[in-house]
Structures are given as structure tokens and as C-alpha cells.
Amino acid sequence: MSRNRLTVLLTASLLIATGVGGTTSAHADDDPNDPPDTEASAAAPVKVDPADPDLKLPDGATLAQAKVLDIKSVVEDQSGDERREDTNTSVTFALQAEVLFGKDSAKLGAEAKSRITGIAEEIKTQNATRVRVFGFTDNLGSSAHGDVLSKKRANAVHDILTQTLNDAGITYEVRGYGEQYPIADNSTEAGRKKNRRVEVSFPRTER
């Protein structure tokens, strides 16, 4: 099935840090209470000699450790119903809840299985052994209701993924975040629609 897609290349940059002071490093905590998408950045591919005479640093200053910023590209359907985000380290699919479920429901609709099966194929392609399935809602209704509904929806997507992949070697993390971590403005219906979503993310294959 073909779709018109809008592709936006958000960031493609290599940073060699030249600041002074101590080094800093990216850190990703596996605590599920952390926001989604907190994977560590890729390691720097080159080494920089801090004693190089061509580096003009103030007396007594030290060169910070070099690192690579993630290359991030986002592809979104023209309708906005599906969004794919690729970085150096991970792939994330975000499906709007209306595409998968009825209103205020966690029962998958007719079109949902084919969408989720497509994501399962990408998981196979990347040989991923760890998959995160996170559900989100807008801020309408009570926070407690949103937490429960988002978890039920994440579980429903997880069930289709496990049935399709049938791979005991894959570990899943399934959570419902409710109205936490919105990606759009909840003061408009267009924004709330984007926030009602299920995200499936997994590491990219190292090449």
C-alpha cells in the first residue's frame, strides 16, 4: 500500500566539543519512569588530541570529550496517522489511537492488525531483542482513567506483536503513560489527536 509521505530531516550533525572543563557523557537510565526515548547517544568515531598545538585553548583549559549527536529523521503520513522516527540508535513508530481503536476503547479495529504487523516486520529486519510499547492519551478526563486506558492500549498492541513475531528471545517493556509526555498542544483537538497514540520503539541494528 503506497502513501504520500512528508519527510523532514530534523538534525544531521557531527559535534566535536571544544568547551572547557570536565567531560560530559550521555546517560540512559532503564528506569521505566524516565521519559520515553532516552537512549544513549552513539560513541564518537574519532579521537581528538588535546595536546595538538593547533587547538587554541586558554591556558589551563582542557578539551571536552568528543561525541556524536544523533542523526534524527522523521517520516509522517500526510494524514498524520502514523509517524516513524529514526536515530543513530533506535527506531520509533507512533500510531494515532483513532487508527487503532474506537473512542475510549482498547479494542483493536480492523485496520490495526496490518499496521502493527508492518512494525513487526521492521523489528525482524533490525533483529531487535528489546521492544518498548508505550501508550499515551490526551489530558481530557481524569488522569487515572488515562493511565488505565493507555496501558490497556499498549497491552493490545503488544499482544499482536508477540503473536506475529513469536520470538521468545524478545523482551518487551509495556507501559501506559496516560497524559504524560505530550508531543502536541492539548489545548486544541488537533494537538490532542496527536497525543492519543501508541509508540513502539526498538534499537537499530549496529552496522
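Me: How many bridges join strand β5 to strand β6?
Reply: This is a predicted model: local features need pLDDT of at least 70, side-chain atom pairs count only at pLDDT 80 or more, and totals for chains, interfaces and linings use all residues. Residues are numbered from 1 along each chain as its sequence is written, and side-chain values use heavy atoms, with hydrogens and water left out. Strand β5 spans residues 130-136 and strand β6 spans residues 171-176 (helices are DSSP runs of H or I with at least four residues, strands are runs of E with at least two, both numbered from the N terminus). The two run parallel, strands pair if DSSP finds at least two bridges between them, and the number of bridges here is six.

Me: Which residue in β6 is the bridge partner of Val133?
Reply: β5 and β6 are joined by bridges in the parallel sense. The partner of Val133 in β6 is Val174.

Me: Which helix makes a β-α-β unit with β5 and β6?
Reply: The unit is right-handed: with the strands pointing away from the viewer, the path from the first strand over the helix to the second runs clockwise. The helix in the unit covers residues 143-165 and is α3.

Me: In what order do the elements of the protein run from the N terminus?
Reply: The protein has four helices and seven strands. From the N terminus on, the order is β-β-β-β-α-α-β-α-β-α-β.

Me: How many residues lie between β3 and β4 in their hairpin?
Reply: Strand β3 covers residues 82-86 and pairs with β4 in the antiparallel sense over five bridges. Glu85 stands opposite Thr92 in β4. The number of residues between the two strands of the hairpin is three.

Me: Which residues does Ile123 contact, leaving aside its neighbours within four places in sequence?
Reply: Contact means heavy atoms within 4.5 Å. Ile123 is one of the core residues that touch the most other members. Its contacts are Ala128, Val131, Leu161, Leu165, Ile170, Val200 and Phe202.

Me: Why is the pair of Phe93 and Phe202 stacked?
Reply: There are four aromatic pairs in the structure (ring centres of Phe, Tyr or the six-membered ring of Trp within 6.5 Å; planes under 30 degrees apart are stacked, over 60 edge-to-face, the rest tilted). Phe93 in β4 (residues 90-96) and Phe202 in β7 (residues 197-203) are 109 residues apart. Both are buried (under 20% relative accessible area; exposed is over 50%, partly exposed in between, with a 1.4 Å probe and protein chains only). The pair is stacked because its ring centres are 6.3 Å apart and its planes meet at 25 degrees.

Me: Is Tyr181 buried or partly exposed?
Reply: Tyr177 and Tyr181 form an edge-to-face pair, 5.2 Å centre to centre with 75 degrees between the planes. Tyr177 has 2% relative accessibility, so it counts as buried. Tyr181 has 26% relative accessibility, so it counts as partly exposed.

Me: Which charged residue sits over the ring of Phe136?
Reply: Ring pairs link Phe134, Phe136, Tyr177 and Tyr181 into a cluster. A charge sits over a ring if NZ of Lys or CZ of Arg is within 6 Å of the ring centre and within 35 degrees of the ring normal. Arg175 sits this way over Tyr177, 5.2 Å from the ring centre. Over Phe136, at 3.8 Å from the ring centre, sits Arg197.

Me: What is phi of Asn127 near?
Reply: Most residues other than glycine have a negative phi. Asn127 is in the loop between α2 and β5, and at 59% relative accessibility it counts as exposed. Its phi is positive, near 55 degrees.

Me: What is phi of Asn166 near?
Reply: Asn166 lies in the loop between α3 and β6. With a relative accessible area of 67%, it is exposed. Its phi is also positive, near 50 degrees.

Me: How far apart in space are Gly118 and Thr164, C-alpha to C-alpha?
Reply: Gly118 is in helix α2 and counts as partly exposed at 40% relative accessibility. Gly118 and Thr164 are 46 residues apart in sequence. Their C-alpha distance is 9.9 Å.

Conventions: Core = buried A, V, L, I, M, F, W, Y, C linked by side-chain atoms within 4.5 Å.
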